[in-house]
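Work through the two exercises below, which concern the interface between two chains and the confidence with which one of them is modelled.

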Amino acid sequence: MSSQTLDAASDRSDPVLDGLDSTTAGIAVWSGERILLYANRAYLNTFDIRRTLVGELRYDDFVRQLATSNELVLQSADMWIATQIGEFGAERQFDQQMSDGRTLDIVRMPSANGGMTVTVHDISSLKSIEFALRRAKEAAETSGESKSRFLRAANHDLRQPLATLRILIFNCLSETDEVHRKDLFHAMDVSVSIMDDLLSALLQIGQLDAGKIVARVTTFQLTSIFERMSLQFSHQAAEKGLKLRFAPTRAAVVTDKALLERILSNLLANAMRYTDVGGVVVGCRNDGASLRIEIWDSGRGIPLDHRDRIFEEFYQIPSGRRDKRPGLGLGLNIVHRLAGLLGHSIDLRSQPGKGSVFSITVPLGDIWQSEVAEPEISETVGGEFAGTSVLLIEDDAVLRGAMKGLLERWGMKVSAIGSEAEVRNHLAKTSATPDLIIADFSLRGQVGTTIVQRVRTLIGKQIPAVIVTADATPEVVARIRSAGLPILIKPVSPPRLRVMMHNLLFEPAELLSSPSEPGA
Amino acid sequence: MNTASDNSDIPLGSMLPLTGPSTVDGIEFRKGIILACEEINRRGGILGRRLRPIFVDTGRQNAEDVVAAAAQLIQDHGVHAIINGYNIGPQNSEYEVIADAGVIYIHHNTLLQHHDTVLSNPDRYFGCFMANPAEYWYGQGFVKFLSWLRETGQWAPDNNRIAIISGSKPYSIVIANAMASAAERFGWSVSFGPKILSTPRNDWRGVIAEAQATEPAVIANTHFYATDLASFQKQFVQRPSNSLVYLQYGAMHKAFMDIAQESAVGVIVSAVTGLLRDEAGESFSQRYLMRFGQASTPQVGCQCYNAVHHYAIAASVAGGTGEPGNDAQNRKVAQALIEVPFRSVAGMVRYHPQWQAAIPYPDQVQDPSLGMPHLFYQVQDRAVGLALIAPAPYNADRFVLPAWFSPRYTKAPGW
């Protein structure tokens, strides 16, 4: 061991060396002969060097051992060894990534005798903060870009229909010809729709930018989306003189239902916009464990040199035509981004002048796992009275409202009426025959039994009926019974009403074998 | 409140059709309750108190009979709970008497209107539970089952037409409506019905011919009396068509097999609550047959058996049962019934916290550990019993094309 060696391991207590041992930064002094003269505790711990090696450890050996220890993250150990040995004694500062995730800041400074002093700082927490700041900055920039994009769009696309709208309103104010006025209103409606589309599209883009759209993947029947899209687009297709057809499918698919509907609606809207004659067909093909949903149009087609760019924001294929409702250049971008979010591929085949086929491929699902439309089942969907029409005659408005609410909760179609005159008016206006009559007995000077008979005569059918009454005196009960009608006493118990309605509608024999109301 | 220091018996009521058209089921419900009470009592009862079952006949199961039975059990016997199988007909009239007394009521009415009644006033009907899923699930579950047979190539139907015939009870009508409403979504078309016929009936020839005139791939009859369904099936096989036949719950019963004989083979039947063929189910089945004889039907008796065990656990967790008027204690029992799901011999009984009805698998939840399995059976060999063909993981057998199909069907792919 050299006499000049500063031996931190010696028994001799040195307040300076003790002080250096208590710092968190690693410090090492290498001699001109490349021998480790001094290393404090932090340095020894960082590189796992035994204290007894101080005064003996050779720099080249240290570098080689360190490179093969797997403690450092290195792209090429040989290259790192060559660089470290070659740069001995040269002034240098660099960050070193460690295998345990730490980042070390290493600074080498030359010393007078050809040696060098090395300091090592753990800067992991600083790096972590730096990373978080960078993410925040990027998010802020994205948000800023989103706002800029909104403003750009607002400045151009939104201003155009607004300007049109202003002119149309001005013209409309002075227009006296009724037909021309209607045309102007129609044009205003188109302008408002364009603004509506633009704002909806920008809202969707904004949500995607902000990462606020989270997929909720379920298994469901694709036909449920087709039904909704058919309702949404059939009128528009008819207006444009296009044929719109959805090929029936019974496939169950696994994806986010709302997002898939948004994708398909955007693709369909695009197909309709750029198709002038012919039609659009939406259909499916099995593709192994997946289903390819295709939207075929007989529209203008997409030239080859534009196909890579049509999914970009605000990109529109230049057209010589003046479209009544030009596109915004956002729909396909939304499709592209939502498909990316869901992990579904979008494909395009097209022939300019003949049409295009956009398709999205989604995984097929297990039919057992398929959700049926109503997760909260209720009697309005599948109850025994669902869809049954009832004529409710009750002169007390409060009771009439309460009874109507109860019957509607059971899925019945209720015509709630307060008097015989209103009944006549109602029946004159409708061709539908009620399945059942529920009538109050006492109706402002008239009696329910008579009204029931008149309704039956008017319609020409013995419609099942029940009389409800608050007056349970033997005379009234006898009078109702003599009219051949069953009775319920007010306040009417819902289960009793159900039993009565069930028997009247489905099991009239039961009605004869059991009393209609205890005590009545 | 009845505490653990009270050693008197706990009166447990049950309203059963021990006479009338559902007698065969009523007898099995009674056996299920007896076996459960015996097992619980052998283990020390509910916190040391033995269960004493009391049975009242509900006869034709109409509102008058069932309401009278509930009143008798509460007023004359002071029952702490009423547990039974189904009573089709009262349309929940009995809930009023039970809610007034504030006792626990667990039934297997399998009725959608249970949801409506409980939701209409959750505080009043806190104690009313339906231990199996509503009949509504039969309808859409069956449509899914058909679609599964078709999609997996086990059956290649001629067309997508379904004929639906219903009995006149609310239960049958709701199932028929639910079937019709789900059909289109899965690529089926209702070619006939739902045709509602007054029941009981034993002459089905006219309606079978009407349904067959539409050449349906499937004929479903949602009526549920075993003997009526046996007549239906015998009349169908006299002039069969290439249609799968689905019969409602009653066709599971031994009485159906006894009357329909060989004509029953091929029929599809399902149960939203049914005995599983796993270790627990087999063990229960053996105990049941040993106790009541080989002619008994543990598949039916298991329902009440499960409900009594679940009640005993919930009451123990809640610290005891409550007599009529002690709704404070019974509310604790009701809460425990919801909070402590029970893996019964018919699968998981997990009450929906709002509906207070068992949640079905795979009709509502996709995790078999969270719902009561809707089981699909086929009569394949009368000697062996019903083959359980769906859903996974409970299925143990495969679907077989019924023999009444014309021979050309045997050439269809996938069989």
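**Exercise 1: the interface**

Across the interface of chain A and chain B the rule (a side-chain nitrogen of Lys or Arg within 4 Å of a carboxyl oxygen of Asp or Glu) finds five salt bridges. This is a predicted model, in which local features need pLDDT of at least 70 and side-chain atom pairs count only at pLDDT 80 or more, while totals for chains, interfaces and linings use all residues. Residues are numbered from 1 along each chain as its sequence is written, chains are lettered from A and ligands numbered from 1 in the order in which they are written, and side-chain values use heavy atoms, with hydrogens and water left out.

Task: describe the side of chain A that touches chain B, beginning with a salt bridge.

Step 1. Glu227(A) and Arg185(B) are joined through their side chains by a salt bridge, at 3.0 Å from N to O.

Step 2. Helix 15 of chain A gives the most, with five residues.

Step 3. The contact (heavy atoms within 4.5 Å) takes 34 residues from chain A and 43 residues from chain B.

**Exercise 2: confidence**

Task: state how pLDDT, the predictor's confidence in each residue from 0 to 100, describes chain A.

Step 1. Chain A has a mean pLDDT of 84, and 89% of its residues reach 70 or more.

Step 2. pLDDT stays under 50 over residues 1–10 of chain A, and likewise under 50 over residues 514–520 of chain A.

Step 3. Where pLDDT is low, the predicted coordinates should not be read in detail.

Note on methods
Helices (H or I, at least four residues) and strands (E, at least two) are DSSP runs, numbered from the N terminus.
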